[in-house]
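Please find below a colleague's note on the model.

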Amino acid sequence: AFKQRDLSGFEVAYLFTDTVYEPLRQYGGQTGVTCCWAILCNGSKMLLDLTVSNTESYPASLEFLRGMVKRGLPVPLSITTDGAAGLIKAVEKVWPKSRRIRCWFHKMQNLQQKVPEAEWKALKAELEDVRDAPSFEKAQQRLPEFIQRYKSRFPEACRCLQEDCEASLNHLHFPLRHRSYIRTTNLIERTFVE
């Protein structure tokens with residue numbers, strides 16, 4: 001019933017989709033659970049769909065998203081994802097007019113792996129200054145300055161930061177009080193932790 005219910009009555013503002021890999025102790029492996037949460041226009045949060053999937057490939061992601069659209073899911077303002085290429089391609093195919101947001105939690109994890117531990121605290125503060133800029137335009141000014149300052153010392157971190165740059169800053173197009181909620185897929189991660 002959950003997988004077949006009509007989604008057309010939900011006033012969706014923001015979507016979050018990701019695959020979380022959960023251990024299967026009995027089999028000694030793990031399985032992927034792809035899920036989609038929404039923040040509705042009234043501020044409530046709702047689990048829209050989930051499925052077992054061991055891949056974040058384009059075909060699997062496209063099937064998952066189209067399944068919700070077939071059940072009447074309205075076009076969201078934004079969709080927050082990690083950097084999985086197949087999922088990104090599927091989101092852009094299904095909702096070309098929605099803003100795709102690249103998860104900052106995942107982005108920061110990737111960046112931290114490319115910087116010496118002793119340097120990370122200071123660098124993180126500067127990255128947060130870009131992430132939390134007062135506007136999209138201001139962040140677009142701060143980002144090249146950051147890249148210029150660190151491209152010779154941390155070339156891989158700078159390359160990572162520039163990857164999918166617009167999506168990483170798209171949360172800045174939305175109201176200030178919404179930004180901290182929509183810039184990560186933590187809503188999904190918390191589902192499985194809690």
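The numbered points below take the helices before the strand.

1. The model is predicted: local features need pLDDT of at least 70, side-chain atom pairs count only at pLDDT 80 or more, and totals for chains, interfaces and linings use all residues. Residues are numbered from 1 along each chain as its sequence is written, and side-chain values use heavy atoms, with hydrogens and water left out.

2. Helix H4 (residues 117-131) packs on helix H5 (residues 136-150) at an angle of about 155°, the axes lying 9 Å apart. H4 is therefore roughly antiparallel to H5 (angles over 145 degrees count as such). H4 contributes Leu123, Glu126, Leu127, Asp129 and Val130 to the contact, and H5 contributes Ala139, Arg142, Leu143, Phe146, Arg149 and Tyr150 (contact means heavy atoms within 4.5 Å). By class, this contact has 7 nonpolar, no polar and 4 charged residues.

3. In helix H6 (residues 155-162), the buried residues are Ala157, Cys158, Cys160 and Leu161 (buried means under 20% relative accessible area, with a 1.4 Å probe and protein chains only). These residues fall within an arc of 160° seen down the axis of H6, so they line one face of the helix. Their cover includes helix H3 (104-112), H4, H5 and helix H7 (165-169). Aspartate 164, which follows H6, has a positive phi, near 55°.

4. Threonine 80 lies in strand E4 (residues 78-81) and is buried, with a relative accessible area of 0%. The side chain of threonine 80 reaches the backbone oxygen of isoleucine 182 at 2.7 Å. Leaving aside neighbours within four places in sequence, the contacts of threonine 80 include Leu15, Phe16, Ile101, Cys103 and Arg183.

Key: Axes fitted to C-alpha atoms, helices over the stretch in contact; angles between N-to-C directions. Helix = DSSP H or I, 4+ residues; strand = E, 2+ residues; numbered from the N terminus. Parallel < 35°, antiparallel > 145°, perpendicular 65-115°, else oblique. Nonpolar A, V, L, I, M, F, W, Y, C, P; charged D, E, K, R; others polar. Buried < 20%, exposed > 50% of the residue type's maximum accessible area, 1.4 Å probe, protein only. Arc of directions from axis to C-beta. Polar contact = N/O pair within 3.5 Å; in protein donor to acceptor, adjacent residues only side chain to side chain.
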